[in-house]
Amino acid sequence: MYMTKRTKWIGFLFVIPFLLSFLIFWLTPLLYGIWISLHDFRLSVGNNGFIGLKNYVDILTPDTLYNNVFMNSLKNTLMFIVLSVPPLILISLGLALLIDNLPKRLKTFFRTVFFLSYAISVTAVSALYLWLFGANGGFINNLLLNTGMISSPINWTGDQPYAWFVIVIATVWWTIGFNMLLFVNALDEVDPNLYEAADLDGASSWNKFRYITLPDIRNISIFVMITTVIASFNLYGQSLLITRGGPSQSTSSLIMGIHATVFGNNQLGVGSAMALLMGLIMMVITGLQYWMSYRNNKEETESGKSEKKRFTRATNVGPTNVSSRPATTIEKKERKVT
Amino acid sequence: MKKKRMKSVLLVTFTSILAVLFIFPLIWMVFTSFKTLSESLSSAGLFPNEWTLEHYQTIFSASADSNMVQWTINTAVVTLMGTVIVIFVDVLAAYALARLNIPGKKIILAIVIIALTVPGIVTLFPAFYLFKSVNLLDTYYPLILPYSAGTLGVFLIYNFLRSFPQELEEAAYLDGATQWQVLTKVIFPSIKPVVTTLGVVTFLAIYNDFLWPSLVTNSDEMKTLTLGVATLVQGSNFVNPAAMMASTVVATVPALLIFLWANKYFVKGVTNSGIK
């Protein structure tokens, strides 16, 4: 495209609204947050002077007030990740596989149904599950009592391990649709010819899944895993509203800990340092996940686990059969470059 | 073939059972909102024995402790304005980055991608304090403006434009069209699907946002529906599941309707979000 110097700068006008907004609402808070974290900064009276890394040292020195808050909420958050990420990935993949095998029209319908809860806010989800699992007068307890399955009400939101159970159930119900949708779309793009060829050669369902489906949805699985871990790190509304962080702070999440430090203890400086540490931990874990999956990916390509080889394994026959069907790989639908 | 048909029937039946279980909490929410207080506390059934509208009348009455009408108005203002601004800002920036040879292009693109990897929590509290410093807490500004700093929209539209042929635009330039004309008459119609997706995603994100509005809002009059529901849940005297569910229905239905209307774009957008 031919552009003079003048039109170049006119073009720059188009990015100015974005740049301004980014500068004011993203870059400034980011840098200001780093600056605040290096100061004795109170929410009520503001800056009490530069203290270097003292906030960070306080948070990381065992058995101090802020260390307890941070470590306890970090531990709880990691616990929630361990409890919520496997069901969020496995159940959504299972649902996607079910939906993928349905007739086309029903596919669209069920995809919408299981994605529906995603449109609801965390506060509404919490209100719903708080009353489904209420200790006194909650629906589940009423049901269990009436059918005689329990003799006294279960304190779902106030006792462990029930408290985690309710939070995880609420979270899985709330966000599973998004993961499912990503998997359904990925499964849609697996080349049907591969399955047909495998069928002709009498491959079992499990082998087809293991050697055709799984390798093809590999990238999306990595993406789903990373985004799910990040989302679980950000646990806040569910434990604030359903269990209020209890019983005895056992479901209090990192964001709740930071919130309490800033607003409860008036310590914006310490809170900002905690938020930066949390962000750092998230970025390191995301980076690790990315790096590990990238490394595996490379190893697999290097060990020659190409499409052809996968196909061979799926049909579980000698490589001679493969060469008679080269079309399966050539006809593979071209992925949309987005 | 018969065997295949049988398998298909079984699959559909199984999926339907799962779907009913999945939707059950929503159905329960709606029916509970029509139960009387005592029934809602003791009921183990789905349908009300005695239908009542009293909870809806209570939450919308002038003396209600919940400001449902004002919250609905706030939510409408905040989500609509926020979404329009995000689309305006992101489309202009993405167009310039994808099509115009502007200075600093590579740096801006790098910023867009780096910002995507930084967790939102690190900017949240300082941003709150900045709004506090300029006395803008408890106004519409912090509830609307900060969403336009997100870089995901720029990234999505930029990617879409990059994979979109340029011939049409070049033809328009040859016919003497200005940049602005090309943007509004050629580009905008062609990026409509991805813009609609961004619009729906942004709308729902603002509508359902909880943590940020809870930081920058103090008074009951400035709350959004999502925030209002939290207030009701946390209110110690709100021990009435039926009334709680009535409020939740009111807060949820608009988002659900928007979602169902735009479902098609939503589904597409997730596919197109540049993951592959």
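This note goes through a predicted model point by point, from whole-chain figures to single residues.

1. Basis of the note. The model is predicted: local features need pLDDT of at least 70 and side-chain atom pairs count only at pLDDT 80 or more, whereas totals for chains, interfaces and linings use all residues. Residues are numbered from 1 along each chain as its sequence is written, while chains are lettered from A and ligands numbered from 1 in the order in which they are written.

2. Chain A overall. The secondary structure of chain A comes to 16 helices and 2 strands; helices (H or I, at least four residues) and strands (E, at least two) are DSSP runs, numbered from the N terminus. Of the 338 residues in chain A, 37% are buried. A residue is buried if 20 or more other C-beta atoms, placed from the backbone, lie within 10 Å of its own, exposed if 12 or fewer, and partly exposed in between. Among contacts (C-beta atoms, placed from the backbone, within 7 Å) in chain A between residues at least 6 apart in sequence, 69% join residues at least 24 apart.

3. An enclosed helix. Helix 5 (residues 122–132) of chain A is largely enclosed by the rest of the structure, because 11 of its 11 residues are buried. Among them are A:Val122, A:Ser126, A:Tyr129 and A:Trp131.

4. The strands of chain A. Strand 1 (residues 39–42) of chain A and strand 2 of chain A run antiparallel and are joined by 3 bridges; two strands pair if DSSP finds at least two bridges between them. A hairpin through 3 residues connects strand 1 of chain A to strand 2 of chain A, and A:Phe41 stands opposite A:Asn47 in strand 2 of chain A. Strand 2 (residues 46–50) of chain A is hardly covered, with 0 buried residues among its 5.

5. The interface. In chain A, 73 residues are in contact with 74 residues of chain B. Helix 1 (residues 5–37) of chain A gives the most to the side of chain A that touches chain B, namely 18 residues. That side divides into 50 nonpolar, 20 polar and 3 charged residues. Here Ala, Val, Leu, Ile, Met, Phe, Trp, Tyr, Cys and Pro count as nonpolar, Asp, Glu, Lys and Arg as charged, and the others, Gly among them, as polar.

6. The cores. A nonpolar core is a set of buried Ala, Val, Leu, Ile, Met, Phe, Trp, Tyr and Cys residues joined through C-beta atoms within 7 Å. The largest has 138 residues, of which B:Ala94 and B:Ile157 touch the most other members. Helix 7 (residues 162–188) of chain A gives the most to this core, with 14 residues. A second, separate core of 6 residues includes A:Ala197 and A:Tyr211. Leaving aside neighbours within four places in sequence, B:Ala94 is in contact with B:Val154, B:Ile157, B:Tyr158 and B:Leu161.

7. A buried threonine. B:Thr79 is found in helix 4 (residues 68–99) of chain B. This residue, B:Thr79, counts as buried because 26 other C-beta atoms lie within 10 Å. Not counting residues up to four places away in sequence, B:Thr79 touches B:Phe203, B:Ile206 and B:Tyr207. The C-alpha atoms of B:Thr79 and B:Ala205 are separated by 8.7 Å, although the two residues are 126 residues apart along the chain.

Notes
Two residues are in contact if their C-beta atoms, placed from the backbone, lie within 7 Å.
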